[in-house]
Amino acid sequence: VYFTRSSPFVLLFNFSYFDGSDYIGKFNNGKYIAYECAPGKHVFWSSSGGKTIEIGANKSYVQADLEAGKTYIIHSEVIVRVLTTDVKLVPFNNDPSSYRNKKQYNARKETVTNSISQGIQYDPTPQEQSDDIAAFATLSKNGMEEYNKDLAAGKKFTQLPKDMFYN
């Protein structure tokens, strides 16, 4: 699964990424994460806040069902607010018929593929990854508690089905 991000307006803010309660990494504009995981069901999510962000702060969730050997792309859209930035995770659909027109499909495809081909892969040292896992423990716990609470209340989440792979 590739997590991408491109926004010419907000360069410095890091977004944090998780697979359920497992911390994946963080990166800012011009970078991406290539995350290898087992096939099956996952809850991918991101937060635009800091390491100890409170419940109720911006988080975006994607319920995924992944097929073995396939590549998926989840793009991080940046939503600029007055005093903050929010993140919205949007799975890339490689089916042109799912877009209003061919131009919209081509623009989206170019955005996500350029984020990978022209970006810098997030590749922390083992020590950086270990430090971040410890630092993001509270956020990870709060994020999944909020997800489970919303799920129990019947909230619908963005879906990434098996057939929405890139290649």
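**A buried aspartate and its surroundings**

Tutor: The side chain of Asp-132 makes a polar contact with the side chain of Lys-26, at 2.9 Å. A polar contact is a pair of N or O atoms within 3.5 Å; within protein, one must be able to donate a hydrogen and the other to accept it, and residues adjacent in sequence count only if both atoms are side-chain atoms. This is a predicted model, in which local features need pLDDT of at least 70 and side-chain atom pairs count only at pLDDT 80 or more, while totals for chains, interfaces and linings use all residues. Residues are numbered from 1 along each chain as its sequence is written, and side-chain values use heavy atoms, with hydrogens and water left out.

Student: Is Asp-132 buried or exposed?

Tutor: Buried means under 20% relative accessible area, exposed over 50%, and partly exposed in between (1.4 Å probe, protein chains only). The relative accessible area of Asp-132 is 9%, so this residue is buried.

Student: In which helix is the place of Asp-132?

Tutor: Helices (H or I, at least four residues) and strands (E, at least two) are DSSP runs, numbered from the N terminus. The run that holds Asp-132 covers residues 126-135, and its name is H2.

Student: Is Ser-6 buried, partly exposed or exposed?

Tutor: Ser-6 lies in the loop between strand E1 (2-5) and E2. Its relative accessible area is 32%, so Ser-6 is partly exposed.

Student: Which strands stand at the edges of the open sheet?

Tutor: The open sheet has 5 strands in the order E8-E7-E1-E4-E9, with mixed pairing. Two strands pair if DSSP finds at least two bridges between them. One side of each edge strand is left without a neighbour in the sheet, because each has a single partner strand; these are E8 and E9 (120-121).

Student: Over how many bridges do E7 and E8 pair?

Tutor: Within this pair, Ser-76 stands opposite Leu-89 in E8. E7 and E8 pair in the antiparallel sense, and the number of bridges is 7.
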